[in-house]
Amino acid sequence: MFEGKKCGWLLSLLSLGAGLSLWQGVSLFREVGLIPSPLQILTTFYDLLVSGELGRHTLASLGRLLPGWLLGISIGATLGTLLAVSRRLFYLFIPWLALIFPIPKIALFPLFIILFGIGDSSRIITITAGVLFPALFCVYQGVKSVPGNLVDMGWSFQLSKKTIIRHIILPGAYPGFFLAFRLTTPIALIVLVAAEMLGAQEGIGSLILAAGSMAQMDILFAGVLVLSLIGLSVMVFWNWLEARVIHWQSNVSLFR
């Protein structure tokens, strides 16, 4: 019955609408603790948006999120590619990666404050650290998954190593790159919120923390809604871009 993209979208919208309607209906007929209704959350979201407070906190968060994510994904993707194509570099770096990767990167935030100060720099570096390692391993696995016979074909045509990497390995590793993009987006948001809850005066994380400490649950959920919309928008963008970059690959995706 539900076949094709249009029917799939309809099923998703029906599921979302039914869940929100149930939530709203329950909140009208009985108290649900401190949990506000969807209508209350949307009203508060609108009020904060009109007042400019939500925009101020969102811009502050994006000003930390974007540089940290871009720096982390750039370093991680570069290192992942280099480690996949160079055995010497792999054995040189792998012990350090094995030691550092399991550390929760937010645990390094006090160290970054000492090194880079209490301002935005330490938060940006924390986001970079949180993004770098997942990006590295995704890209590494993407490069290693390129079929060896394609590389052998490049050698047989006497192509240079640079040409093989650029025209054979990197295009074949595109799925790994997009997996890194998708995976690191929510990680960056998690690290951002945690870092903003530790002393930041502006940002969605500080807004959520302040609202929670004063039991202003409608404001808290409005902040969570902003994070959800940011994450959803970015994921839709990555799926849209992947469908055009890797047009030869047929795969199932929710947002196409």
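This is a predicted model: local features need pLDDT of at least 70, side-chain atom pairs count only at pLDDT 80 or more; totals for chains, interfaces and linings use all residues.

Student: How are helix α6 and helix α9 oriented to each other?
Tutor: Happy to start there! Two packed helices are described by the angle between their axes and the distance between the axes. Helix α6 (residues 120-144) and helix α9 (residues 174-196) pack at about 160°, with their axes 8 Å apart. Angles over 145 degrees count as roughly antiparallel, so α6 and α9 are roughly antiparallel.

Student: How do the residues of the contact of α6 with α9 divide into nonpolar, polar and charged?
Tutor: Let's see who takes part. From α6 the contact includes Ile 127, Val 131 and Val 139, and from α9 it includes Phe 177, Leu 183 and Ile 187. Gly 130 of α6 and Gly 176 of α9 are also among the residues in contact, and glycine counts as polar here. The division is 15 nonpolar, five polar and two charged.

Student: How is helix α7 placed relative to helix α8?
Tutor: Here the angle is about 140°, with the axes of α7 (residues 148-156) and α8 (residues 161-172) 10 Å apart. An angle has to be over 145 degrees to count as roughly antiparallel. At about 140°, α7 is therefore oblique to α8.

Student: Which residues of α8 does α7 meet?
Tutor: The crossing of α7 and α8 is right-handed. On the α7 side, the residues are Leu 150, Val 151, Gly 154 and Trp 155. Their partners in α8 are Lys 161, Ile 164, Ile 168 and Ile 169.

Student: Is Gly 223 buried or exposed?
Tutor: Gly 223 lies in helix α11. Buried means under 20% relative accessible area. With a relative accessible area of 0%, Gly 223 is therefore buried.

Student: Which residues is Gly 223 in contact with, leaving aside its neighbours within four places in sequence?
Tutor: Good one to finish on! Gly 223 and Leu 62 are 161 residues apart in sequence and 13 Å apart in space, C-alpha to C-alpha. Contact, however, means heavy atoms within 4.5 Å. With those sequence neighbours left aside, the residues in contact with Gly 223 are Ile 204 and Ile 208.

Notes
Residues are numbered from 1 along each chain as its sequence is written. Side-chain values use heavy atoms; hydrogens and water are left out. Axes are lines fitted to C-alpha atoms, for helices over the stretch in contact, and angles run from 0 to 180 degrees between N-to-C directions. Helices (H or I, at least four residues) and strands (E, at least two) are DSSP runs, numbered from the N terminus. Angles under 35 degrees count as roughly parallel, over 145 as roughly antiparallel, 65 to 115 as roughly perpendicular and the rest as oblique. A crossing is left-handed if the near helix is turned anticlockwise from the far one by less than a right angle, and right-handed if clockwise. Buried means under 20% relative accessible area, exposed over 50%, partly exposed in between (1.4 Å probe, protein chains only).
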